[in-house]
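Here is a short note to read beside the model. Please keep the structure open and look up each residue as it comes.

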Amino acid sequence: MAAINDKDAILEGLAEIVNEIAGIPAEEVELDKSFTDDLDVDSLSMVEVVVAAEERFEVKIPDDDVKGLRTVGDAADYILNAQLSTQS
Amino acid sequence: MTATITPALGARHARILGVGGYRPTRVVPNEEILKHIDSSDEWIRSRSGIVTRHWAGPDETVAEMAVIAGGKAIADAGVAPEDIDGVLVATVSHFKQTPAVATEIAHRVGAGRPAAFDVNAGCAGFTYALNLAKDMVTGGSARHVLVIGAERLSDLTDLEDRSTAFLFGDGAGAVVVGPSDKPAMGPVVWGSEGDKSDVISQTVSWEAYRNGGEGVRFPALRQEGQAVFRWAVFEMAKVAQRALDAAGITAADLDVFIPHQANMRIVDSMVKTLKLPEHVAIARDVETTGNTSAASIPLAMERLLATGQAKSGDLALCIGFGAGLTYAATVVTLP
Ligand SMILES: CC(C)(COP(=O)(O)OP(=O)(O)OC[C@H]1O[C@@H](n2cnc3c(N)ncnc32)[C@H](O)[C@@H]1OP(=O)(O)O)[C@@H](O)C(=O)NCCC(=O)NCCS
């Protein structure tokens, strides 16, 4: 069974992923940052972030939902909800 | 008593003996693409890595380009044209389905009357045909097989489609596969995902086009860009890794990586995921050739060898993937 992460742990994981893919220092990845406007993650890098997040957090993030993930906080909430709903 | 059948006797191993390519004379810069779509040179470069592509003129037909590339591959292989006893042509953009264009090409390269047929596996067409050729040589149904990928994707490009207008190019690339004393082609890892057949496809069928009707335009290639990108970076890196495993080598043993030249961003992502070491030469031909579907891998192979980035005897991982969805990956020794 997949472990449920708290929001801080998800943020930490996302920061590592964004660092790996876009080269942005992990500490700059904060909940209110926009992927495209603040973190140099364009629409294709975003797909890579999503794919990496799916693996790491064991959730599914369909293409149609990716466009709705504007900020790091949006992504963290999405992942948290997805983890909770697969547990119940 | 029933007589016994004499089985075919193949070569112990197969290898690529030679490679050749043809790029159309007309070079098309991004500026020309911008006449038809709302975009920018900067956007096209950053999202695809493409700066220029070649578009074929009226005389640069699929057959014409294939004959030139095939002739070069035969010369490079050092075999006589009449020794070619199999010709496989991978293409999605030859507009006359019958007869197969492979027969005309076989005749025109001087191969005489070999087994000849076309292969349609989208952008995986070349790696599909390459592995068929290997099986023909080792299975004993042919000794020297000419494998060609040839495309005029400009004929199937909707110049007003923002997600494809800048992507496609034309050209032909070819190799000759023949017998070898030592293993020089690893096992193929291939497959198809027909549940995703609508992700890359022709806009309208020829039948629908013939029947006409409101708003029906000449067929073009269309794709769901994000879905294709996700599949390519996520699933194809795994397929590439499986091909390394099947060949019994690791990324550290590899000299060259030649993925289908779909988009530089896909190439970059695969290199990262596969953790390819610095010393591996990476095919980045898409920058000046665009995505030429079945022609992209042999064209990139030819250029890597011609520019000295790769050399004869190097171990190269080739992976083709595209419409179908289809994919095929294999490790080969370069000619
Ligand atoms: C085609 C491809 C480059 C498009 O990139 P993308 O990031 O998926 O593009 P999207 O359609 O999601 O659009 C992202 C943004 O760029 C814009 N955009 C799309 N096409 C554009 C273009 N040609 N020029 C400028 N901007 C463009 C969109 O309007 C959107 O802007 P917005 O976020 O402000 O709304 C990309 O999906 C791709 O290469 N996929 C793989 C395709 C492939 O290799 N196919 C062959 C496989 S064999």
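1. Start with a term. A salt bridge is a side-chain nitrogen of Lys or Arg within 4 Å of a carboxyl oxygen of Asp or Glu. Between chain A and chain B the count is 4 salt bridges. In one of them, B:Arg47 meets A:Asp42, at 3.4 Å from N to O.

2. Some ground rules. This is a predicted model, in which local features need pLDDT of at least 70 and side-chain atom pairs count only at pLDDT 80 or more, while totals for chains, interfaces and linings use all residues. Residues are numbered from 1 along each chain as its sequence is written, chains are lettered from A and ligands numbered from 1 in the order in which they are written, and side-chain values use heavy atoms, with hydrogens and water left out.

3. Now the interface of the two chains. Contact means heavy atoms within 4.5 Å. By that rule, 17 residues of chain A touch 10 residues of chain B. The buried area (accessible area, 1.4 Å probe, that two parts lose on being put together, summed over both) is about 1300 Å² for chain A and chain B. Carbon and sulfur atoms hold 48% of it. A:Leu44, A:Glu48 and A:Asp63 supply 39% of the area that chain A buries against chain B.

4. Next, the domains of chain B. An automatic or database domain assignment sets the bounds: domain 1 is 13-180 and domain 2 is 189-333. Their centres, taken over C-alpha atoms, are 14 Å apart.

5. How many residues of each domain are in contact? Domain 1 of chain B brings 50, and domain 2 of chain B brings 45. The area buried between these domains is about 3700 Å², with 61% from carbon and sulfur atoms. In domain 1 of chain B, B:Arg23, B:Cys123 and B:Tyr128 lose the most area to domain 2 of chain B.

6. B:Arg23 forms a salt bridge with B:Asp285, the closest N and O atoms being 2.7 Å apart. Between domain 1 and domain 2 of chain B the count is 4 salt bridges.

7. Last, the rings. Rings of Phe, Tyr and Trp (its six-membered ring) pair if their centres lie within 6.5 Å; planes under 30 degrees apart count as stacked, over 60 as edge-to-face and the rest as tilted. Over all chains, the search finds 8 aromatic pairs. One of them is B:Phe95 with B:Trp206, edge-to-face, at 5.4 Å centre to centre and 70° between the planes.
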